[in-house]
Protein chains: 2
Amino acid sequence: MSPPGIKDVAARAGVSVGTVSNVLNRPDHVGAATRARVEQAIAELGFIRNESARQLRAGRSRTIAYVLLDAGNPFFSDVAKGVEEAARAAGLALFLCNSDQDARREDDYLDLLLEQRVRGVLVTPVDPDGDRLAALPGRGVPVVLLDRAQHGGFEGCSVSVDDVEGGELAVAHLLELGHRRIAFVGGPMGIVQVRERLQGARAALAAAGLPADALTEIVTEGLTVGEGRSAGERITGMPAGRRPTAVFCANDLLALGLLQQLTQFGVAVPDDVAIVGYDDIEFAAAAAVPLTSVRQPRHQLGRTAAELLLEEDAAANGGPPHTHRQVQFSPDLVVRESTRTRRTRPT
Amino acid sequence: MSPPGIKDVAARAGVSVGTVSNVLNRPDHVGAATRARVEQAIAELGFIRNESARQLRAGRSRTIAYVLLDAGNPFFSDVAKGVEEAARAAGLALFLCNSDQDARREDDYLDLLLEQRVRGVLVTPVDPDGDRLAALPGRGVPVVLLDRAQHGGFEGCSVSVDDVEGGELAVAHLLELGHRRIAFVGGPMGIVQVRERLQGARAALAAAGLPADALTEIVTEGLTVGEGRSAGERITGMPAGRRPTAVFCANDLLALGLLQQLTQFGVAVPDDVAIVGYDDIEFAAAAAVPLTSVRQPRHQLGRTAAELLLEEDAAANGGPPHTHRQVQFSPDLVVRESTRTRRTRPT
DNA sequence: TCACCGCTCTGAAAGGTTTCATGAGAGGTG
DNA sequence: CACCTCTCATGAAACCTTTCAGAGCGGTGA
């Protein structure tokens, strides 16, 4: 009736339960003949280990979790793939939890995961300052921040990508191409990533010895294609002499919207206006004019975070000692048609 | 040291473990004063239920799973959201497993889920004919097929969307607009969905009394933007008199690629060529010319599948009886600019 | 011959929770 | 005052696995 347990296997093979357990966990401690008999019994009965019982005994599960902001966003699903890969390699199962930007759901998931006695949690928090997260390590559940630098009260590892550097990269590239009137499109400024990318853009200008007003800042209300179009309208509305010759967008969606709007108004990309996006989403390469974009090592981001988590877990169980680290990856610039032409432009 | 258990709570509150369990599970069977004392002890100790122990006792977990083909695909992540919603409503946790189109990974996940004594499994199988799936219900694990109709040896519920109807919808719309030379772009034909959408397209033609050769079939090697561009080249290469005036693409990516290629060659959309896509991905609405597309009720797909699973599970535990059902949803047509103009065209 | 060893296998304990039969006490009834 | 009922609380059993001390046994070296 109920699924066969180790006891049924033992009875069928004519051995004790301890022996069956040994066949399962330490096959080399068991005589060959006995082992064969047990294995046959397992096959015949279709025995399947009961994870709950194992966990109960062991006191912890063989599972880690990743609580992410938006499963629909390819950025996070790529990160998740990296996490999954590392978990798989370590023989652990992965709980994927979608907080959907909702702090309450995030909390609910954390509760759930605590009850599951998860080995550790990777999380891209809705609110990195919440003290909810900071409480977990105290309960023996290691936490690694993903795509967020360590922040506020939280003590632990974090893995992120340097957005300031990404902004610098983008604008330095435009400067190198000879552009001297550049616009930044992005917003709202409440988003850390947007602020930091802008900050990087300014830094690049400063490094080139240009005045701060060489950068026109166009603040949007979101990071969508629609907002990109609006930004495009603002740009096409500028008198040609003051119009920027290049635009750095905080995100590829903005860049795509901008591209569409400019094209529609007969502004040629990249000849009249060059565009750099951010994130290198799949569509960036597939756009009407393939988009130069700043790429983040998403897969590696996830992988590294999981590895840090596993290291911390191992340390808590007698492995080599672990010290918290703040890993920050550098983004890459992927150059495509949208910035391809090289011209020296008048200031 | 180790996290406090029910026993510690009992000691602190001066009651027996049974009482603590009752406070947790059947609060109304416990006197108010005692309950208060126990609740306080729980709070003070920071007690957290141990799921493994509960599961062990109960013989089954409080978890269901969804094994999907590609977490990066927005179609599946929307379906997953629907599943999650239903699971949440039922107070169950959800394991999201990404098979990545790999039968071996799918199998590994199924093994894992069996060990976890999962309540049931939703799956969009890599190979719907595999007998691996058919074996699960025999083990007491209900399975519901998602985005696949019931097939071969498998007995159970399934939830899918009618792709034939989607094809009909798309082409009927084009016919109604007066188009008489229509192309179908899609492939490879090994994919069921592609075949069925084409089948629907043919059916719509037949229903309108048009000859089968009114439909030009352009078979692609994949469902990507790049393949869409190639298809565009083929179409622009046709002599103007034989060129189709409308194209139905098996997928929005193809449609977007096609749109780009046509625009680039000076073929106006929708004035010279109308386009209908399939899936209504986010970018369909955001394209340079917003795309008419066939939308599938993804969220509802997931929700319904989860509900069927829960019903089956309830039935297995003394609830109302359950009979397997094959639910098939109808897709919608979302009309946008890419088919907006209405003109009567010469045959 | 004895002591000891290594190799296999055994059997029982432990892990945290739920469930259930049982008991204790309070309050009501005749 | 005896009896009954009802409400609350108790404590032990059960869920399935892993672990560990130790037993049996054949072999080895002194």
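A residue is near a molecule or strand if its C-beta atom, placed from the backbone, lies within 6 Å of it. By that rule, 28 residues surround DNA strand C. This is a predicted model: local features need pLDDT of at least 70, side-chain atom pairs count only at pLDDT 80 or more, and totals for chains, interfaces and linings use all residues. Residues are numbered from 1 along each chain as its sequence is written, while chains are lettered from A and ligands numbered from 1 in the order in which they are written.

**Around DNA strand C**
- The closest residues are Gly18(A), Gly31(A), Thr34(A), Gly5(B) and Ile6(B).
- H2(B) gives the most to this surface, with 6 residues. Helices (H or I, at least four residues) and strands (E, at least two) are DSSP runs, numbered from the N terminus.
- The surface has 10 nonpolar, 13 polar and 5 charged residues. Ala, Val, Leu, Ile, Met, Phe, Trp, Tyr, Cys and Pro count as nonpolar, Asp, Glu, Lys and Arg as charged, and the others, Gly among them, as polar.

**Between chains A and B**
- In contact (C-beta atoms, placed from the backbone, within 7 Å) are 34 residues of chain A and 35 residues of chain B.
- The chain A side divides into 15 nonpolar, 12 polar and 7 charged residues.

**Strand E3 of chain A**
- E3(A) runs parallel to E1(A), joined by 4 bridges. Strands pair if DSSP finds at least two bridges between them.
- E3(A) also pairs with E4(A), in the parallel sense, over 3 bridges.
- Val123(A) stands opposite Val67(A), and has Leu145(A) as its bridge partner in E4(A).

Note on methods: Contact = placed C-beta atoms within 7 Å.
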